Amino acid sequence: MTERFATARAPLLTLLLSVALAAPSVCVPAAQAAATPAKPRAAGPAAPAPRPAGPLSLWSAEQLAEPKDPAQAKAERAMRHLPQPDANAPARTAPVESAPRLPDAWRGIIRRVQLPAGDKRVALTFDLCERAATVAGYDARLVDALRAANAKATFFAGGKWMRSHPERTLQLLADRRFEFGSHSWSHANMEVAPAEFRQRQLDWTAAQYELLEQELDRRLTAKGMPPMGRGPMRLFRLPFGRGGAEVARLLNHNGLAVIQWDVVGEGGHGNAQARAQAIADAVRPGSIVLLHANAVPKDTAEVLRRLLPLLARKGYATATVSELLATGHAQTVPEGFFSFPGDNAIYDDMFAAWGTGERLKPSPKHP
Ligand SMILES: [Zn+2]
């Protein structure tokens, strides 16, 4: 980790707590959405947006992008708290196709990838977290920014998030620049969850992913296009970053590589430009950058829009995590953490009946 992140412990932890717990106030004010002045419109009707190519042509450009209506866009980003935790199982509770055996070189808890000399690629990763008691958002602006820059990315999606965002999941799955990994079903702390509970979190997520993958291939085939044929997910991101050797063994046994990060792309100080610059300064070839795509924090899209040209200027290209792993040597650590070992142990105290990050004690914000 860079000195910058290592010294910003308190603000970072506070931020990550808010990311994990996602206070109901987390949403983007309409005023912010309207903050960018509109360009003067040329006379005559606007030219229709070009139809996306390949599997993305299942949707119009408008359907893929952030909704034009600011209220709709805001609603899509917003987090909803449910009156009761949603413990309903997905329509399929175990995947039909199991993941292949994990290569030995991908075992353990992977923090970054050592690439051959001269290979300047980094992996931008975006978690899509959703707990039992919430329905999380989707930050379409962020995905728009990735597509506009033709950037590659890896999304670690909660199974429950995929179920509550089926169309957005399909759109991401249909984009060959993007890769999917599991983020458990409902953001379980794998370090302290009971064994049976952990396995269900993996199976439900793999099954939900498989259902959507099959739905995508069904739609493509119906249009005369070849199926995506993505196959089972091979990657996993630890909710709260919590997990050690035993958790890694379980995940690896399920065919999943545990992917952490060596650059925390959130937190830090200053405006979006300053934080984008801090990320660009922190990355090295083979770095894995932690970000979120569920609109927590609210301005990640803005940071990303500034980060992508900074990375390009420094000669970096984006890659999926699997692409890095296929070329380089995975560098592992004994346990998961944010910026330094032990900095996420606080999340073990938040393991309650639902096992997915609910607070043990009522708080004024979350009674
Ligand atoms: Zn998460």
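**Confidence**

I began with the predictor's confidence. The chain has an average pLDDT of 86, and 82% of its residues reach at least 70. I then looked up where the score falls. Over residues 1-43 pLDDT stays under 50, and for this stretch the model has 64 contacts beyond four places in sequence. Residues 360-367 also stay under 50, with six contacts beyond four places in sequence. Where pLDDT is low, predicted coordinates should not be read in detail.

**Overall make-up**

I recorded 13 helices and twelve strands in the chain. Of its 367 residues, 45% are buried. I also looked up the sequence separation of contacts: among those between residues at least 6 apart, 84% join residues at least 24 apart.

**Helix H6**

Which residues of H6 are buried? In this helix, residues 140-148, I found Ala140, Arg141, Leu142, Val143, Ala145 and Leu146 to be buried. I note that a charged residue, Arg141, is on that list. The cover over the buried residues of H6 includes helix H5 (70-77), strand S5 (153-157) and helix H12 (300-313). Just after H6, I noted a positive phi of about 55° at Asn150.

**H11 against H12**

H11 (residues 272-282) packs on H12 at an angle of about 45°, and their axes are 8 Å apart. H11 is therefore oblique to H12, as the angle lies between the 35 degrees and 65 degrees cut-offs. The crossing of the two is right-handed. On the H11 side I listed Ala272, Gln273, Arg275, Ala276, Gln277, Ile279 and Ala280; on the H12 side, Glu302, Val303, Arg306, Leu307, Leu310 and Leu311. By class, these residues divide into eight nonpolar, two polar and three charged.

**H8 against H9**

How are H8 and H9 oriented, roughly parallel or roughly perpendicular? Helix H8 (residues 166-173) and helix H9 (residues 195-222) pack at an angle of about 70°, with axes 10 Å apart. That angle makes H8 roughly perpendicular to H9. I recorded a right-handed crossing for H8 and H9. H8 contributes Pro166, Thr169, Leu170 and Leu173 to the contact, and H9 contributes Leu212, Glu213, Glu215 and Leu216. I counted the contact of H8 with H9 as five nonpolar, one polar and two charged residues.

Conventions: Residues are numbered from 1 along each chain as its sequence is written. This is a predicted model: local features need pLDDT of at least 70, side-chain atom pairs count only at pLDDT 80 or more; totals for chains, interfaces and linings use all residues. Axes are lines fitted to C-alpha atoms, for helices over the stretch in contact, and angles run from 0 to 180 degrees between N-to-C directions. Helices (H or I, at least four residues) and strands (E, at least two) are DSSP runs, numbered from the N terminus. Angles under 35 degrees count as roughly parallel, over 145 as roughly antiparallel, 65 to 115 as roughly perpendicular and the rest as oblique. A crossing is left-handed if the near helix is turned anticlockwise from the far one by less than a right angle, and right-handed if clockwise. Two residues are in contact if their C-beta atoms, placed from the backbone, lie within 7 Å. A residue is buried if 20 or more other C-beta atoms lie within 10 Å of its own, exposed if 12 or fewer, and partly exposed in between; C-beta atoms are placed from the backbone. pLDDT is the predictor's confidence in each residue, from 0 to 100.
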